[in-house]
Amino acid sequence: MSKAHFGLIGLGVMGENLVLNAERNGFSSVVYNRTYAKTEEFLKGRGADKAIQGAKDLQDFVDKLERPRRILMMIKAGSAIDAVIEQISPYLQEGDLLIDGGNSEFRDTERRVAELESKSFGYIGMGVSGGAKGALEGPSMMPGGTKTSYEAIESLVCKMAAQVEDGPCVTYIGPGGSGHFVKTVHNGIEYGIEQILAEAYDLMKRVGGMTGTQMADVFAHWNATEELTSYLVEITEVCLRTKDPDDGSDLVEKILDKAGQKGTGLWTVVSALELGASVPTIYASLNGRVMSSMKPQRIAAEQILHGSAIRPFDLGSSADGMAPLMDAVVLSCMASYAQGMELLRIASAEYNYNLHLPSIAQIWKGGCIIRSRLLQRIQDAFNADPQLSNLLIDPWFAEQVNRRLPGLAKVVAGAAEAGIPVPCFSSTLDYINSYRTARLPQNLVQAMRDCFGSHTYQRVDKEGTFHTEWLD
């Protein structure tokens with residue numbers, strides 16, 4: 001049998017779908033899984049009658065691949081990746097290439113790129129977004145590493161990726177761990193938008209008294225607008241329309257209110273703190289998941305802590321898409337994207353990644369979880385001004401902010417009076433109000449720092465650094 005073009009290690013759902021994607025696009029493959037029984041099951045099932053071979057061990061796996069070998073690892077991030085690298089390295093030869101397609105922490109990828117390149121092997125850290133369906137039909141892919149390593153897989157990934165009007169949803173991101181960093185930020189934006197849509201649902205249900213079907217109709221309206229047409233709005237409508245087969249009630253109301261997380265949202269926030277980037281909407285979404293995990297405590301606290309009684313306020317009419325609530329959702333989603341793009345801009349300079357923000361917006365337009373029509377506007381904004389410091393001051397986005405800010409404020413105020421938490425909406429309002437305020441009260445903070453710790457301060461009317469003996 002002839003040598004395979006492409007190798008896959010890890011036959012989980014994502015791995016299976018990616019190798020089927022590669023095979024459909026003309027790349028013969030060989031697959032290896034830690035348990036050979038899983039490999040046999042795949043080859044007899046979804047992989048049957050396809051140009052896909054199985055391997056019983058890593059020596060067999062490597063021997064069945066053409067050179068230079070291109071090997072995608074779809075396994076759990078962390079020590080498992082290091083273990084596989086250690087196990088397979090003795091069988092590799094100069095020019096062979098390993099690709100980590102999982103959600104690895106970008107510093108781990110930086111280290112692995114340096115280690116593998118020093119042995120004359122290539123290494124790519126590649127973020128992959130789109131879930132199981134995207135992996136099979138065409139995901140968004142974010143590969144980082146050396147340019148030479150990317151060129152070795154370019155023909156493969158360009159065919160496997162989702163396709164949009166202006167090309168495949170994959171591009172060379174940059175050196176080192178840049179691909180995994182961009183995927184981390186992608187996931188942080190995703191956290192934000194998911195929480196934003198959940199807050200809108202909560203207000204519709206608890207303030208508006210709406211049924212799942214009625215709420216789904218509003219999301220359908222939103223999904224037909226330029227500002228909110230997106231995959232996440234689309235699937236939110238689906239979730240709200242779905243009924244429990246046991247009794248016909250709204251299925252979403254039977255689901256325990258504890259949201260899981262795999263760490264990428266946390267990495268986004270930690271990276272932002274380290275780099276001095278402001279990401280309050282994204283942080284609020286992460287904290288929302290943390291609070292949701294405290295279910296027993298929340299049940300007990302509800303009996304002890306008494307806030308405002310829920311009272312109706314104007315969320316707008318369903319006929320016009322609940323305009324004030326839509327304002328809140330639009331601006332919060334824009335803020336989530338803006339904060340993510342600002343984090344990428346700052347990281348690009350700090351880590352010498354030389355990220356091309358229009359290209360990142362382009363590859364997110366198809367295949368990935370945060371794909372939306374808004375990404376075309378984001379791509380246009382950074383093409384028009386590559387040095388744009390914040391997405392919200394682009395003319396199109398600024399007009400949206402100026403027009404919709406009263407609606408966002410109205411929703412946040414109403415939710416506060418009704419005692420309903422809206423962490424992303426309120427964080428977005430604070431973010432925009434802070435960003436548009438030329439003079440913030442941190443002058444007093446700096447005075448206090450100088451008072452208790454002699455940290456000094458600068459003045460608005462004189463050059464230099466100053467210290468005052470505040471206490472006698």
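Let me start at H455, which touches Q446, R449 and D450 once residues up to four places away in sequence are not counted. Contact here means heavy atoms within 4.5 Å. Before going on, the basis: this is a predicted model, where local features need pLDDT of at least 70, side-chain atom pairs count only at pLDDT 80 or more, and totals for chains, interfaces and linings use all residues. Residues are numbered from 1 along each chain as its sequence is written, and side-chain values use heavy atoms, with hydrogens and water left out.

Back to H455. It lies in the segment after α19, the helix at 442–453. Helices (H or I, at least four residues) and strands (E, at least two) are DSSP runs, numbered from the N terminus. H455 is partly exposed, at a relative accessible area of 37%. On that scale, buried is under 20% relative accessible area, exposed is over 50%, and partly exposed is in between, with a 1.4 Å probe and protein chains only.

What is the backbone doing around this histidine? S454 has a phi near 50°, positive although the residue is not glycine. T456 also has a positive phi as a residue other than glycine, near 70°. Most residues other than glycine have a negative phi, and most peptide bonds are trans. S454 is in the segment after α19 and is partly exposed, with a relative accessible area of 46%. T456 lies in the segment after α19, and its 26% relative accessible area makes it partly exposed.

There is also a peptide bond to point out elsewhere. R67 and P68 are joined by a cis peptide bond, with omega about -5°. P68 sits in the loop between α3 (58–63) and β4 (70–73).

Now the annotations. In an unreviewed entry, UniProt places "binding site" at N103, S129, G130, G131, H186, N187, Y191, K262, R289, R449 and H455. Those positions span 353 residues in sequence and their farthest two C-alpha atoms are 49.3 Å apart, so they do not all gather at one spot. UniProt positions are given in the numbering used here, feature names are shortened, and annotations may be inferred rather than shown by experiment.

One of those positions is N187, found in helix α8, residues 178–206. Is N187 buried or exposed? N187 counts as buried, at 7% relative accessibility.

K183 is found in helix α8 and is buried, with a relative accessible area of 5%. Beyond its neighbours within four places in sequence, K183 is in contact with N103, G127, V128, S129 and M142.

A word on cysteines. A disulfide is counted as a pair of cysteine sulfur atoms within 2.5 Å, and by this rule the count comes to zero. For C333, the closest cysteine sulfur is that of C424, 9.1 Å away, too far for a bond. C424 is likewise in no disulfide. C333 is buried at 5% relative accessible area, and C424 is buried at 0%.

Now the whole chain. The protein is divided into domain 1 (6–172), domain 2 (183–436) and domain 3 (441–471), with bounds from an automatic or database domain assignment. The centres of domain 1 and domain 3, taken over C-alpha atoms, are 55 Å apart. The UniProt annotation "domain: 6-phosphogluconate dehydrogenase C-terminal", from an unreviewed entry, covers residues 179–471. That span is 61% helix and 0% strand, and its end C-alpha atoms lie 52 Å apart.

Overall there are 19 helices and nine strands. The radius of gyration, taken over C-alpha atoms, is compared with a globule rule of 2.2 Å times the number of residues to the power 0.38. With 472 residues, a compact globule would be near 23 Å, and the protein has 25 Å, which agrees. Of the 472 residues, 51% count as buried. Among contacts between residues at least 6 apart in sequence, 69% join residues at least 24 apart.
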